[in-house]
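Subject: Structure for you to look at

Hello,

Here is the structure I said I would pass on. My notes on what was found follow below it.

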Protein chains: 2
Amino acid sequence: FLKLWKNVKIVALMAYGMGKSDPRKIIFSAKMGLALMLISLLMFLKEPLEDLSNYCVWAILTVVVVFEFSIGATLSKGFNRALGTLSAGGLALAMAELSELAGEWEEVVVIVGIFIVGSCVTYAKLYPTMKPYEYGFRVFLITYCFIEVSGYRTREFINTAVSRFLLIALGAGVSLVVNICIYPIWAGEDLHYLVAKNFADVAISLEGCISGYLNCVEYKRVPSKILTYQASDDPVYSGYRSAVQSSSQEDALVGFAVWEPPHGPYKRFKYPWKSYVKLSGALRHCAFMVMALHGCILAEIQAPAEKRQVFRCELQRVGNAGAAVLRELGNKVKNMEKLGSEDLLYEVHEAVEQLQKKVDKKSYLLVTSEKWEIGERFEEAVKEQTISTFSQHVKSLSDAAIHFDSLNLSRSWDDKTDNSEIKYEPPFGVPANSSDNQMPQLTHMLNKVDTVPEEDDSKTYESASALSLVTFTSLLIEFVARLENLVDLFGELSEVAKFKEPVDSPEAI
Amino acid sequence: FLKLWKNVKIVALMAYGMGKSDPRKIIFSAKMGLALMLISLLMFLKEPLEDLSNYCVWAILTVVVVFEFSIGATLSKGFNRALGTLSAGGLALAMAELSELAGEWEEVVVIVGIFIVGSCVTYAKLYPTMKPYEYGFRVFLITYCFIEVSGYRTREFINTAVSRFLLIALGAGVSLVVNICIYPIWAGEDLHYLVAKNFADVAISLEGCISGYLNCVEYKRVPSKILTYQASDDPVYSGYRSAVQSSSQEDALVGFAVWEPPHGPYKRFKYPWKSYVKLSGALRHCAFMVMALHGCILAEIQAPAEKRQVFRCELQRVGNAGAAVLRELGNKVKNMEKLGSEDLLYEVHEAVEQLQKKVDKKSYLLVTSEKWEIGERFEEAVKEQTISTFSQHVKSLSDAAIHFDSLNLSRSWDDKTDNSEIKYEPPFGVPANSSDNQMPQLTHMLNKVDTVPEEDDSKTYESASALSLVTFTSLLIEFVARLENLVDLFGELSEVAKFKEPVDSPEAI
């Protein structure tokens with residue numbers, strides 16, 4: 001008994017939690033109860049319409065089936081039901097007339113008719129573009145068979161059809177009135193907020209990716225949920241995943257939203273709901289880049305921490321600016337504001353340019369020279385050096401003039417001076433022939449690395465690890481490129497949906 | 001009239017096309033017609049059970065609602081319907097007893113009972129984990145209200161409940177017998193082939209990406225369908241998109257497949273359908289990398305064609321090997337074979353290693369040195385040169401000994417000698433001081449580029465364009481890394497699903 005009590009408590013807590021997170025669900029449930037109550041009430045009271053009351057089941061059925069969470073879904077189901085019932089009624093009456101002409105073959109005609117109609121309607125239902133009307137086809141079948149069968153038995157085809165239709169109309173009417181008049185829940189509004197939320201989600205993921213990458217977050221073992229693309233708690237992952245996965249939800253919502261009459265802030269006929277979905281698709285296109293960025297964090301091969309620090313400022317700036325653009329767009333979608341006069345992308349483009357310049361300047365950090373074809377001969381030339389105090393060397397050299405050559409080796413230095421976070425950038429400007437003195441000191445590294453036994457593998461990883469930073473950077477740049485398209489589409493949406501002019505506050509952007 | 005005839009012809013053609021592409025749809029439609037016919041037949045013939053026949057609508061309703069495309073869906077809906085009806089019947093009878101005790105307040109108790117039950121059931125239905133039982137909740141509501149209402153009117157609670165239940169059982173029975181005994185359509189089979197098809201789709205995309213990239217396919221204007229992630233005809237795009245988007249379809253199919261009894265090649269209770277979905281999730285994880293590769297083709301910033309050609313062999317090999325692994329896995333899933341004794345990943349790992357080595361050797365092609373911090377001073381040192389026959393210079397130099405420095409400029413050379421496909425790799429091995437002679441010749445390029453007016457922008461793009469090749473390469477490598485996880489999961493699936501041992505044919509892999 002104690003266990004039962006515990007279970008009840010758990011269920012109650014879950015129910016409370018759901019109600020708290022979305023109070024509309026409570027209201028919807030109460031509305032459903034109310035609609036059922038009203039329909040049942042009608043059945044009780046009517047006395048003169050006894051035979052109508054016999055078919056009360058149709059009204060109840062209609063309410064239960066038609067009463068959907070959002071107004072759009074209710075309207076679309078109601079329409080389906082009405083159309084299915086009416087056309088099936090018409091066809092059934094025509095068939096009944098026909099079968100009566102058949103005389104003694106009547107039964108055969110009715111049965112064969114049911115088979116043919118049943119097959120054809122089912123076949124039509126399977127056609128992909130008929131998917132939204134699936135429910136209508138079902139209603140059609142039920143109605144047709146019912147009228148044929150019960151009509152044959154009672155010989156009251158018209159009566160059956162009419163009373164049935166009246167009750168369905170009554171059920172649908174009660175559903176609509178209760179659902180629309182009491183605290184309506186609009187699919188369009190849901191869609192609107194879902195799109196806005198997706199922007200915020202992607203922004204969170206982007207920031208998470210950048211800061212994770214700069215702080216060298218590593219997954220000891222990549223969660224198997226991520227590896228198999230299932231829902232997971234990881235905030236970076238769930239951010240973009242929810243934006244990507246919301247596509248089917250959006251499609252469903254837009255299917256209902258187009259049925260809804262103008263309401264609230266969406267005060268136009270033919271409100272461009274499809275543009276919201278399109279915008280969200282463009283956001284998804286951006287989210288795939290964030291996903292690829294996250295892929296760099298998930299990858300086995302990782303760029304060394306010191307190198308990431310070199311680009312920290314720039315990466316951080318692009319990330320922040322990108323996330324700010326996403327947030328700003330999300331807010332503008334939410335508040336239905338047009339773009340301001342300032343260029344939303346200005347800051348992020350500036351930031352990307354900085355990043356590009358930095359990459360240009362520092363791209364020697366991103367490659368390893370050890371294996372260059374020419375590198376081998378280079379090594380042959382300098383063979384007999386020893387290295388014991390290499391990292392000290394580098395430090396002592398950092399202010400000296402060094403030949404251009406040496407820059408290509410900087411990758412190796414970093415490996416040796418692991419945690420000292422070198423930002424060593426040898427100045428250039430000395431005559432080229434001074435290199436004669438420096439080169440041997442700088443290249444013994446090569447020999448050392450070459451004498452390590454499993455040279456091949458480790459080298460491969462080394463170069464790949466540096467390239468991983470390049471990948472991260474250029475994915476980020478591509479992300480920003482895709483932002484442009486996103487802003488364009490937002491502009492389009494804000495035009496067709498007639499968003500309001502923004503209040504130009506000084507702290508905008 | 002002619003127009004009508006034309007329309008009829010179009011519809012007939014569409015119907016014929018659908019039937020040809022999936023004949024199961026025709027069979028299913030005929031089965032549905034048959035089931036409806038059988039149910040109607042019963043209603044005609046029975047004479048002694050007149051009052052049962054009165055409720056024939058329930059049997060028709062059950063057939064129409066329960067009869068689903070796949071066996072799993074039929075069984076799960078049938079179960080839902082049975083459970084909903086039984087529990088609602090029980091509750092309704094209990095409530096009826098209770099309300100009779102209330103005496104003159106009976107109506108109020110019934111009405112309030114309907115409100116409370118309706119609200120609570122609707123609320124429970126909205127709980128996310130209850131989603132698969134949604135239909136059961138609806139049936140519960142319909143049954144409960146119907147029994148309460150019609151029972152109140154006729155005072156035959158038990159009779160209503162029992163006759164209703166008998167007819168529903170009859171309808172469900174006819175549906176199940178017809179659906180299972182005549183050409184059954186299994187959701188599990190669909191899931192199985194869908195997963196296998198996804199492998200083939202991703203393989204096609206991967207090959208398309210590689211060959212598109214190497215042949216420098218460029219989108220004049222990226223199709224807006226791709227930018228907004230909508231379905232498009234582009235074969236490369238639709239390949240990975242269908243694999244990514246199939247996730248909701250898989251979830252639906254697995255929900256039905258678990259209801260299906262052991263059948264055909266899936267001769268075990270608790271067949272591990274979930275493992276198929278997991279494998280498909282891992283494939284999706286790989287497909288995201290293919291998507292990112294495609295992103296490189298879609299990007300505005302493109303690596304120059306000559307540079308791509310340098311890596312052609314290696315990229316092609318990795319692509320082919322990767323696609324071969326995907327195809328092989330897809331076939332193995334289809335044929336339910338275990339992995340062979342050979343290492344499926346051997347060839348692709350070899351290919352990746354080759355690619356890595358090539359990248360190591362040629363990474364100087366991937367960076368531009370012009371903007372290195374030291375580069376500026378470098379340029380100051382050599383200022384007054386002119387360049388008119390630069391590309392000739394390069395060719396004449398190709399066999400000469402050149403100083404190491406020059407390599408960092410190769411990016412610029414490529415730009416100048418555009419279509420000549422340089423594979424110029426200056427040998428190294430001359431004493432460093434010989435550089436004095438060469439440097440001026442090699443660095444006038446820098447000056448030239450610097451005098452171009454919109455230097456900054458073009459430079460930024462230049463370096464980014466070279467980095468784009470790095471990105472493509474390392475995304476490809478990451479793709480291969482993810483293949484490993486895919487093969488692991490396949491091994492897991494082949495164990496739990498007890499795939500058969502492969503026939504070791506010599507042309508395997």
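To begin with helix α7 of chain B, which covers residues 134–154: R138(B) and E134(B) both belong to this helix, where they are 4 residues apart, about one turn. Please keep in mind throughout that this is a predicted model.

These two residues form a salt bridge, and the closest N and O atoms of R138(B) and E134(B) are 3.0 Å apart. The partners differ in how they are placed. R138(B) has a relative accessible area of 9%, so this residue is buried. E134(B) has a relative accessible area of 25% and is therefore partly exposed.

Some salt bridges also share partners. One network of this kind joins K125(A), E134(A) and R138(A) with E68(B) and K77(B). Over all chains, the structure holds 35 salt bridges.

A pair within one helix is also found in chain A. Helix α14 of that chain spans residues 312–335 and contains both K332(A) and E328(A), which are 4 residues apart, or about one turn of the helix. Their salt bridge has its closest N and O atoms 3.9 Å apart; the cut-off for a salt bridge is 4 Å. K332(A) counts as buried because its relative accessibility is 6%, and buried means under 20%.

What does D190(B) form a salt bridge with? The partner is R24(B), and the closest N and O atoms of the two are 2.8 Å apart. D190(B) lies in helix α9 (residues 187–214) of chain B and R24(B) in helix α2 (residues 24–45) of chain B, so this pair ties together parts that are 166 residues apart in sequence. The relative accessible area of D190(B) is 21%, so D190(B) is partly exposed.

The last item is a contact between the chains. Helix α12 of chain A and helix α12 of chain B, each given as residues 273–298, pack with their axes 10 Å apart and at an angle of about 115°. The crossing of α12(A) past α12(B) is left-handed.

Which residues make the contact?

- From α12(A): H285(A), F288(A), M289(A), M291(A), A292(A) and L298(A).
- From α12(B): H285(B), F288(B), M291(B), A292(B), G295(B) and L298(B).

Sorted by class, this contact has 9 nonpolar and 3 polar residues, and no charged ones.

Regards

Notes. Residues are numbered from 1 along each chain as its sequence is written. Chains are lettered from A and ligands numbered from 1 in the order in which they are written. This is a predicted model: local features need pLDDT of at least 70, side-chain atom pairs count only at pLDDT 80 or more; totals for chains, interfaces and linings use all residues. Side-chain values use heavy atoms; hydrogens and water are left out. A salt bridge is a side-chain nitrogen of Lys or Arg within 4 Å of a carboxyl oxygen of Asp or Glu. Helices (H or I, at least four residues) and strands (E, at least two) are DSSP runs, numbered from the N terminus. Buried means under 20% relative accessible area, exposed over 50%, partly exposed in between (1.4 Å probe, protein chains only). Axes are lines fitted to C-alpha atoms, for helices over the stretch in contact, and angles run from 0 to 180 degrees between N-to-C directions. A crossing is left-handed if the near helix is turned anticlockwise from the far one by less than a right angle, and right-handed if clockwise. Contact means heavy atoms within 4.5 Å. Ala, Val, Leu, Ile, Met, Phe, Trp, Tyr, Cys and Pro count as nonpolar, Asp, Glu, Lys and Arg as charged, and the others, Gly among them, as polar.
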